[in-house]
Amino acid sequence: MKQAEEVTKLSPANVPDEWFTFIEVDKTEAETVSRPSLSYWKDAWRRLRMNKMAMMGLVFLVLLTFMAIFGPMMTPYDVNVQDRPNQYQPPSAEHWFGTDNMGRDVFTRTWYGARISLFVGFVAAIIDVFIGIIWGGISGYKGGRTDNIMMRIIEILYGIPSLLVTILLLVVFGPSLFTIILALAITGWVGMARIVRGQVLQIKNYEFVQASKSYGAKSGRIIRKHLLPNTMGPIIVQMTLSIPTAIFAEAFLSFIGLGVQAPYASWGVMANDSLGAILSGNWWTLFFPAFFISFTMFAFNVLGDGLQDALDPRLRK
Amino acid sequence: MFRYILKRLLIALITLWIIVTITFVLMVSVPGSPFNSEQTSNEAIQANLEAHYNLDKPYHIQYLLYLKSIATLDLGPSIKQPSQTVNDLLGRGFPISFELGMVTIIVAVISGILLGILSALRHNGIIDYLAMGFAVLGISIPNFILATFLIQQLAVNLKIFPVATWSSPMHMVLPVIALATGPMAIIARLTRSSMLEVLTQDYIKMARAKGLSPWKITIKHALRNALMPVVTIMGTLLAGILTGTFVIEQIFAIPGMGKYFVESVNQRDYPVIMGTTVFYSAFLIFMLLLVDIAYGILDPRIKLHKKEGGEG
């Protein structure tokens, strides 16, 4: 009876403090995000993984790189040692991909070819990116007269048929891996520079860049923090697509007799060597280099397509 | 429009001049170059060379005279065949290469555009997937690989088409397929993506709302705008087809310019390499110029007074 009386007397004003217990709250915890944040790259990777073709390309290229490094160690044969009595052996337990017109092991030569192709492709692409970013970045960022002059130069270079100049350089300086890469790089960066410039032109007028500028950020900081990260997507896509171009160019040049010379073996050289063989039915000598050239280019192309979709934030669902 | 053409023409001339200069500098710096007498054994050839390149004069005079001979379309003698000049070789080989190139372009453009439209209209349908899968394959397989594959399957095994040479329409089928597949695939992909973009535009909805037939919308409204990007890459495609003819002519034993060019490269017949490079470059630059002008006429956004701004 007495207790009930007490309760009825209660009002917000006379609730005793000891009825309450304090929950300790960490003030900083309020700031943390409950779900893991999805950065641009994580999101891109998540979307790329959903693209089956692109992932197939990626897996193929990883395997190819692995075999390019370790493949030649798996066989007892040397790339260039000729074994005439054993020429044109079909694929067998001893020679997995058969032997060619000189009795050389096609399996071993294929992975040596992979080394050359991947090396040429990557190095040429990296040089393209390097020159392209500097040229396109300066041209787009400076704008005005500088941009005008730099773009006129690009327009002039654009008209130069790159493969012809490459052939000319190889004829003069002699075919070697170095000359091929140099020749490809001299003419290859133009496309990259155009893309970087276009991106920089667009991004430098966005509000967040203007805001950064109004806070007093210097050019260097703006370029490093805002312009480059935001152009990375198109640059990577362009790079994945310029690698197969370089690989094709190397194979093409090898095919017309201007490619890498022994002791190297490239896919183009192998394809050229086995032209006569297809008429006589020794299909494997042509099939393996042809398959790997085509499939490597295919893998880079589908990966590039996938990256293009994955790295474009506008296509985010 | 006139100023635009003039500007393009100027750029084209500068490009050509740079190529001619590069060619000259490279050839002069060749170790054991055609300009050194040890290279040639034949006296008649040596006499031809000296007369044409003025080898007794200093380099800068040689250069100016070389520019002059190019301006007058005299591309010089061959050092491997005494009675031949580069002009002779071009006169014989170029018409054949030109024919091959033109047929290839026509085939590539028509089939590429058709494939692209079909994919865009059946977006994400089975036809779209098939066509685009085919297109990626077409881009990925190098033309010389495709050529050897075609010869092996269709000429040697099935004997449907002749293996090589250039004498009847049947002889043209395989080389043209080998050359046209890559450009066709590129055109198909480009047409498809720009068609897809154009088809979402308001004026297409408007046309549909007006009750125009799908056929008319596609051809008259969508395609015309969707083809602009295709026009822009025609120059690059032409360059690709042109270099493609080198190997294709070699493989199919077609007596065109490309075959002579590869032969001259292998025999290190420097004057022929030089002359052909300059000729090919001039041809390509001229084609690029035509493409640019066509683009200027087709694209209403490029106007006489427009200040150069956007994509350079």
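The model is predicted. Chain B holds 12 helices and 0 strands. Chains A and B touch, with 49 residues of chain B in contact with 41 residues of chain A.

**Chain B as a whole**

- Read from the N terminus, the elements of chain B run α-α-α-α-α-α-α-α-α-α-α-α.
- Chain B has 312 residues, and 49% of them count as buried.
- Take the contacts in chain B between residues at least 6 apart in sequence: 72% of them join residues at least 24 apart.

**What the UniProt record says**

- An unreviewed UniProt entry places "domain: ABC transmembrane type-1" at residues 94-295 of chain B.
- That span is 85% helix and 0% strand, and its end C-alpha atoms lie 27 Å apart.
- For chain B, the unreviewed entry gives "transmembrane region" for residues 9-30, 96-117, 129-152, 172-191, 226-252 and 272-298.
- Residues 129-152 of chain B are 92% helix and 0% strand, with end C-alpha atoms 28 Å apart.
- Residues 172-191 of chain B are 100% helix and 0% strand, with 26 Å between the end C-alpha atoms.
- For chain A, UniProt lists "transmembrane region" (unreviewed entry) at several spans, including residues 54-74 and 284-307.
- Residues 284-307 of chain A are 100% helix and 0% strand, and their end C-alpha atoms are 34 Å apart.

- The size of an interface is often given as the accessible area lost when the parts come together.
- Between chain B and chain A, the buried area is about 3900 Å². Carbon and sulfur atoms give 74% of this area.
- In chain B, the residues that lose the most area to chain A are B:Leu26, B:Ser140 and B:Phe144. Together they make up 14% of what that side buries.
- The interface has 5 residue pairs in polar contact, both residues at pLDDT 80 or more.
- Several helices of chain B each supply at least two residues to the side that touches chain A, among them H1 (2-28), H5 (126-140) and H12 (270-298).
- H1(B) gives the most to that side, with 10 residues.
- By class, the side of chain B that touches chain A has 28 nonpolar, 15 polar and 6 charged residues.

- B:Ser140 lies in helix H5 of chain B.
- B:Ser140 counts as buried because its relative accessible area is 1%, and the cut-off for buried is under 20%.
- Beyond residues up to four places away in sequence, B:Ser140 touches A:Ser294, A:Met297, A:Phe298 and A:Asn301.

**Charged pairs**

- Side chains of opposite charge can pair when their charged atoms come close.
- The structure holds 10 salt bridges over all chains. Between chain B and chain A the count is 2.
- A:Glu155 and B:Arg8 meet in a salt bridge, 3.2 Å from N to O. A:Glu155 is in helix H5 of chain A and B:Arg8 is in helix H1 of chain B, so the pair joins two chains.
- A:Glu155 is buried at 6% relative accessibility, and B:Arg8 is buried at 11%.
- A:Arg152 also forms a salt bridge with A:Glu155, with the closest N and O atoms 3.0 Å apart. Both residues lie in helix H5 of chain A, 3 residues apart, about one turn of the helix.
- A:Arg152 is partly exposed, at 22% relative accessibility.
- A:Asp305 and B:Arg189 form a salt bridge of 2.9 Å, N to O. This pair crosses from helix H12 of chain A to helix H7 of chain B.
- B:Arg189 is partly exposed, with a relative accessible area of 25%.
- Salt bridges with shared partners link A:Arg152, A:Glu155, B:Arg8 and B:Asp292 into one network.

Definitions and conventions. Residues are numbered from 1 along each chain as its sequence is written. Chains are lettered from A and ligands numbered from 1 in the order in which they are written. This is a predicted model: local features need pLDDT of at least 70, side-chain atom pairs count only at pLDDT 80 or more; totals for chains, interfaces and linings use all residues. Side-chain values use heavy atoms; hydrogens and water are left out. UniProt positions are given in the numbering used here, feature names are shortened, and annotations may be inferred rather than shown by experiment. Helices (H or I, at least four residues) and strands (E, at least two) are DSSP runs, numbered from the N terminus. Contact means heavy atoms within 4.5 Å. Buried area is the accessible area (1.4 Å probe) that two parts lose on being put together, summed over both. A salt bridge is a side-chain nitrogen of Lys or Arg within 4 Å of a carboxyl oxygen of Asp or Glu. A polar contact is a pair of N or O atoms within 3.5 Å; within protein, one must be able to donate a hydrogen and the other to accept it, and residues adjacent in sequence count only if both atoms are side-chain atoms. Ala, Val, Leu, Ile, Met, Phe, Trp, Tyr, Cys and Pro count as nonpolar, Asp, Glu, Lys and Arg as charged, and the others, Gly among them, as polar. Buried means under 20% relative accessible area, exposed over 50%, partly exposed in between (1.4 Å probe, protein chains only).
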